[in-house]
Amino acid sequence: MAKRYGSARPAKLSMTEDQVQEMVVKLLAIGHKDWIYQVNYLSGVKLSIGMAAKAKRLGHQKSSPDIMIFEPSVSMIDIGYHGLFLELKSSNTKLYNKTGDKYSSEHIAEQAEVLHKLRQKGYVALFAVGYDEAEVIISSYAMLGSVEGKIILESIMRHQEEMHEKIINNLHSL
């Protein structure tokens with residue numbers, strides 16, 4: 001680990017969202033060559049007004065997930081899922097405010113709503129904060145035929161869905 005200047009304590013290494021996405025694409029290219037996937041490469045890119053208008057006309061949706069994997073899961077336990085959609089975040093991103101009753105930004109709230117709708121349609125659709133979390137989600141999705149893969153993935157999905165419901169209920173109570 002890198003050291004902070006003037007400190008004996010190691011600094012926490014962080015990755016930008018672009019770095020996380022690049023590493024996830026490498027993971028898919030090497031470890032899951034037979035999977036069909038799409039990368040939303042426009043996410044986070046600063047476009048001119050003209051290019052942004054063109055992207056919108058051509059169907060780009062700003063809240064669509066960063067990685068869309070069109071590989072149905074095979075599960076011995078139940079029917080499975082249609083595919084895996086990931087909204088990648090840098091390793092230091094906070095999804096929720098300090099009290100956990102709101103998303104940390106309007107943009108994250110919009111993305112959370114898209115992920116929620118995708119989960120309702122039978123997809124695994126999750127935030128992945130940092131590369132390590134993305135790797136765990138992808139590995140668990142690939143292992144959905146095992147009890148271990150199912151437990152890990154559904155635990156992450158349940159947590160994100162419970163947080164989403166808590167925030168939505170809090171908004172309705174205001």
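Colleague: How many bridges join strand 1 to strand 2?

Modeller: Please note that this is a predicted model. Strand 1 and strand 2 (residues 67-69) are joined by three bridges, and the two run antiparallel.

Colleague: Which residue in strand 2 is the bridge partner of Tyr-37?

Modeller: Tyr-37 has Ile-69 as its bridge partner there.

Colleague: What is the order of the strands in the sheet?

Modeller: The order is 1-2-3-4 in an open sheet of four strands, and the pairing is mixed. Strand 1 (37-39) and strand 4 (124-129) stand at the edges; each has a single partner strand, so one side of each is without a neighbour in the sheet. From one strand to the next, the twist averages 15°.

Colleague: Which strands does helix 1 touch?

Modeller: Helix 1 (residues 17-31) packs on the sheet and touches strand 1, strand 2 and strand 3. The direction of helix 1 makes about 145° with that of strand 3.

Colleague: And where does helix 4 lie?

Modeller: Helix 4 (residues 131-142) lies across strand 3 and strand 4, and it runs at about 155° to strand 4.

Colleague: Let us turn to a single residue. Where does Phe-85 lie?

Modeller: Phe-85 lies in strand 3, which covers residues 84-89.

Colleague: Is Phe-85 buried or exposed?

Modeller: Phe-85 counts as buried because its relative accessibility is 7%, and the cut-off for buried is under 20%.

Colleague: Which residues does Phe-85 touch?

Modeller: Leaving aside residues up to four places away in sequence, Phe-85 touches a list that includes Pro-65, Ile-67, Met-68, Ile-69 and Phe-70. Also among them are Leu-115, Leu-118 and Tyr-123, together with Val-124, Ala-125 and Leu-126. As for Ile-69, its C-alpha atom is separated from that of Phe-85 by 6.0 Å, and the two residues are 16 residues apart along the chain.

Colleague: Now the whole protein. How many helices and strands are there?

Modeller: There are five helices and four strands. Along the sequence they follow the pattern α-β-α-β-β-α-β-α-α.

Colleague: What percentage of the residues count as buried?

Modeller: The protein has 174 residues, of which 37% count as buried. Its accessible surface comes to about 10900 Å², with 58% belonging to carbon and sulfur atoms.

Colleague: What percentage of the contacts join residues at least 24 apart?

Modeller: Among contacts between residues at least 6 apart in sequence, 62% join residues at least 24 apart.

Key
Residues numbered from 1 in each chain as written. Predicted model: local features only at pLDDT ≥ 70, side-chain atom pairs only at ≥ 80, totals over all residues. Heavy atoms only, no water. Buried < 20%, exposed > 50% of the residue type's maximum accessible area, 1.4 Å probe, protein only. Contact = heavy atoms within 4.5 Å. Areas by Shrake-Rupley, 256 points an atom, 1.4 Å probe, with all protein chains shown as cover. Pairing = 2+ DSSP bridges. Axes fitted to C-alpha atoms, helices over the stretch in contact; angles between N-to-C directions.
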